[in-house]
Amino acid sequence: MRTIDFRSDTLTKPTEEMRKAMYNAEVGDDVYGEDPTINKLEKLASEIVGKESALFVPTGTMGNQLALLCHTDRGQEVILEDWAHIYRYEVGGLSFLAGLQARPIKSENGIMNPEDVRNAIVKDDDIHHSQTGLICMENTHNMAGGVVVPPSRMKEIFDIAKENNIPVHLDGARVFNAAVALGVDVKELTQYTDSLMFCLSKGLCSPVGSILAGEKKFIDKARRLRKMLGGGMRQGGILAAAGIISLTNMVERLSEDHTRIKELAEGLNKIKGVKINDETVQTNILMINVEDTPYSSNELVDKMKEEGILASSITNDIIRFVTHYYITDEDIEYTIEKLNQII
Ligand SMILES: *Cc1c(COP(=O)(O)O)cnc(C)c1O
């Protein structure tokens, strides 16, 4: 029986082309700045996102945490969306590592209202107050279901930050999904942030790695702190070789993942009891609400598993599907057919 793995785009394995490039990669000691393949990836990445400098990091989490550490002082507040990955899914590193406190903002489908951001900013002389040190955005927004934050909204928030002299970081784990869905160059989005992190290891299929990008001074500091966190990767060019292919060959095809998630949503929407918020079906993530079916999300996930279909139970009512390079049109048809039988 075949397995169709919708649990995450992180499950993508490196392509044949990547494996060959990894085998042939020219390498050196990156802690000495001497890995030519990492140097090439960092230069390419900085050019693509329109920033002065970039840093190859083992994970998106490390990239985000480095951004917190580099932009802020201990005891400050970070404004971010209530379901932001940095707030909910990074093991509390925000407080544990960077000594910060979160100022979460409720949003509509992951998109923060600029006025709420403005109202949350603390910039005053009151000796009691923790001051706002950073504003974070997330695009696409993962827990909202891969929702794209429009560039106009990013600009509004960025402008408010600049009026108040506050830096902005973008958790752009899937920022290329956002750019492809909008049909724009990724710089349309990245121009409205001082720094960003994006993942090579999700829809872009690399086995390992993310990029942190920003001004040279910021990246120089992040490079130092990456070493402190244990992220100096020596002959990491083996991994960076795959990252270069992610950026050159795997970005445009993300639109196929988006088309397939729409097809899946359309098919599952017809099943009695399955509810989908169509507004959030924009990129490669689909959240379905199953509270009106006879099953809980866990029961359904187990039943699907018996048919070789893997998805994630997010809450008691919500199941998440993620499309990626290894999900085909056939897989979508098969999944719709099987769920019709199960429910
Ligand atoms: C996956 C993800 C991360 C973290 O990436 P890892 O490489 O898994 O550490 C950060 N932010 C968002 C929005 C993500 O989806």
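Predicted model: local features only at pLDDT ≥ 70, side-chain atom pairs only at ≥ 80, totals over all residues.
Residues are numbered from 1 along each chain as its sequence is written, and side-chain values use heavy atoms, with hydrogens and water left out.

Let's start with the domain. UniProt, in an unreviewed entry, lists residues 5-288 as "domain: Aromatic amino acid beta-eliminating lyase/threonine aldolase"; UniProt positions follow the numbering used here, feature names are shortened, and annotations may be inferred rather than shown by experiment. That span is 41% helix and 14% strand, and its end C-alpha atoms lie 16 Å apart. Helices (H or I, at least four residues) and strands (E, at least two) are DSSP runs, numbered from the N terminus.

Now the ligand. There are 14 residues around it, and Gly 60, Thr 61, Asn 142, Asp 171 and Lys 202 come nearest; being near takes a heavy atom within 4 Å. By class, this shell has three nonpolar, six polar and five charged residues. Here Ala, Val, Leu, Ile, Met, Phe, Trp, Tyr, Cys and Pro count as nonpolar, Asp, Glu, Lys and Arg as charged, and the others, Gly among them, as polar. H3 gives the most to the shell, with three residues.

As for polar contacts (pairs of N or O atoms within 3.5 Å; within protein, one must be able to donate a hydrogen and the other to accept it, and residues adjacent in sequence count only if both atoms are side-chain atoms), a ligand oxygen sits 2.6 Å from a side-chain N or O atom of Thr 61. Arg 174 puts a polar side-chain atom 3.0 Å from an oxygen atom of the ligand.

The unreviewed UniProt entry annotates Lys 202 as "modified residue: N6-(pyridoxal phosphate)lysine". You'll find Lys 202 in the loop between S7 and strand S8 (210-214). Lys 202 counts as buried because its relative accessible area is 12%; the cut-offs are under 20% for buried, over 50% for exposed and partly exposed in between (1.4 Å probe, protein chains only). Beyond neighbours within four places in sequence, Lys 202 is in contact (heavy atoms within 4.5 Å) with residues including Asp 9, Thr 10 and Arg 174.

Last up is Gln 76, in the loop between helix H3 (60-71) and strand S3 (77-81). Gln 76 is buried too, at 16% relative accessible area, and its side chain reaches the backbone nitrogen of Asp 73 at 2.9 Å.
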